[in-house]
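Have a look at the sequence and the model first, then read on.

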Amino acid sequence: MNKWLKALLFLLGAALLTRLVPFSDWFRMLDTMVHELGHAVATLLMSGRVLRIELNPDHSGVTYSVLTSGWSQLAVSLAGYVTASLFAMALFYGYSRQKQAAGLAVISGLALASILLFVRSGYGLGWLIAFIVVNALFLLIGGRIRNFYYLLLAFLCLEESVMGPATLLLRALTHPSQAGDAANLAQLTGVPAMVWALLFLVISMICAMSALQWYWKDRKRSRQPETMHGSISR
């Protein structure tokens with residue numbers, strides 16, 4: 001089977017399965033948090049100023065910022081979806097290295113940074129506080145339960161990192177002016193929003209393929225019988 005088709009079918013299957021996990025929809029906000037943090041960090045790197053980030057119950061988010069040039073706006077508009085795709089890939093890399101505890105600590109650190117620097121009120125603030133508490137509980141529990149929780153977050157981020165650009169592409173085809181970051185990029189460059197949305201989707205699929213390769217490699221390794229190596233003292 002073609003590896004891209006296999007990856008797509010695996011993602012569709014994972015998307016269906018994760019929806020059977022109680023409260024999984026609530027955790028999908030993690031992808032939105034990372035997306036908006038991507039915009040915020042890019043703004044700071046472009047010497048701009050981040051006013052605030054809003055995270056909404058429908059999993060949408062907005063980063064309010066002040067930028068001085070068109071090139072800065074271009075970089076910031078590109079950052080959101082790309083950051084989310086790279087972050088999902090990084091989670092699976094951490095899983096392949098058995099770094100689930102460190103990964104949860106990093107995720108919690110990002111949530112805490114969001115509270116301290118960007119998210120000041122509303123639904124997003126409450127969600128971030130609750131999310132940090134839940135992460136802390138799973139870190140304390142440890143073991144397989146913690147690892148399952150980490151893998152759930154990883155798959156949710158992976159699915160959302162692909163579904164976000166796919167939804168954006170559909171919106172760019174039907175209502176180009178409402179296509180979020182793609183619409184902003186189209187206004188800045190004159191390149192149609194559909195092209196930008198397609199670029200985001202391609203990047204997300206490349207990152208998803210790398211993430212799944214790490215996951216499949218780890219699963220294959222875990223099924224192999226252990227072999228003992230050593231020497232006998234005489």
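Which residues in α3 meet which residues in α6? Met-29, Leu-30 and Met-33 are the ones on the α3 side, and they meet Tyr-123, Trp-127, Leu-128 and Phe-131 in α6. Contact here means heavy atoms within 4.5 Å.

Before going further, some ground rules. This is a predicted model, where local features need pLDDT of at least 70 and side-chain atom pairs count only at pLDDT 80 or more, while totals for chains, interfaces and linings use all residues. Residues are numbered from 1 along each chain as its sequence is written, and side-chain values use heavy atoms, with hydrogens and water left out.

**The overall layout**

The chain has nine helices and two strands, in the order α-α-α-β-β-α-α-α-α-α-α. Helices (H or I, at least four residues) and strands (E, at least two) are DSSP runs, numbered from the N terminus. Of the chain's 234 residues, 42% count as buried; that label means under 20% relative accessible area, with exposed being over 50% and partly exposed in between (1.4 Å probe, protein chains only). Take the contacts between residues at least 6 apart in sequence, and 70% of them join residues at least 24 apart.

Axes are lines fitted to C-alpha atoms, for helices over the stretch in contact, and angles run from 0 to 180 degrees between N-to-C directions.

| Helix pair | Axis distance | Angle |
|---|---|---|
| α3 (residues 29–45) and α6 (residues 122–141) | within 12 Å | roughly 115° |
| α4 and α7 | within 9 Å | roughly 155° |
| α4 (residues 70–96) and α8 (residues 180–189) | 9 Å | about 155° |

With those angles, α4 is roughly antiparallel to α8 and also roughly antiparallel to α7. The helices α3 and α6, on the other hand, are roughly perpendicular to each other. For the labels, angles under 35 degrees count as roughly parallel, over 145 as roughly antiparallel, 65 to 115 as roughly perpendicular and the rest as oblique.

As for handedness, the crossing is left-handed for α3 with α6, for α4 with α7 and for α4 with α8. Left-handed means that the near helix is turned anticlockwise from the far one by less than a right angle; clockwise would be right-handed.

So what kinds of residue make these contacts? In the sorting used here, Ala, Val, Leu, Ile, Met, Phe, Trp, Tyr, Cys and Pro count as nonpolar, Asp, Glu, Lys and Arg as charged, and the others, Gly among them, as polar. The contact of α3 with α6 has seven nonpolar, no polar and no charged residues.

Next comes α4 against α7. On the α4 side the contact includes Tyr-81, Ala-84, Ala-88, Leu-91 and Phe-92, and among its partners on α7 are Tyr-150, Phe-155, Cys-157, Leu-158 and Leu-168. The class count there is 17 nonpolar, four polar and no charged.

Then there is α4 against α8. From α4 come Gly-70, Gln-73, Leu-74, Ser-77, Leu-78 and Tyr-81, which meet Asp-181, Asn-184, Leu-185, Leu-188 and Thr-189 in α8. That contact splits into five nonpolar, five polar and one charged. Within α8, Asp-181, Ala-182, Ala-183, Leu-185 and Ala-186 are buried. Just after α8, Gly-190 takes a positive phi of about 85°.

**The core**

A nonpolar core is a set of buried Ala, Val, Leu, Ile, Met, Phe, Trp, Tyr and Cys residues joined through side-chain atoms within 4.5 Å. The largest one has 57 residues, and Leu-30, Met-33, Phe-131 and Leu-158 touch the most other members. Helix α7 (residues 143–174) gives the largest share, 14 residues. Not counting residues up to four places away in sequence, Leu-158 touches Leu-11, Ala-88, Phe-92, Ala-208, Ala-211 and Leu-212.

**A few single residues**

Ser-72 sits in helix α4 and is buried, at 5% relative accessible area. Beyond its neighbours within four places in sequence, Ser-72 is in contact with Met-46 and Leu-67.

Most residues other than glycine have a negative phi. Ser-47 has a positive one, near 65°; this residue lies in the loop between α3 and β1 (49–55) and counts as exposed at 64% relative accessibility. Gln-98 also has a positive phi, near 60°. Gln-98 is in the loop between α4 and α5 (100–117) and is partly exposed, with a relative accessible area of 48%.
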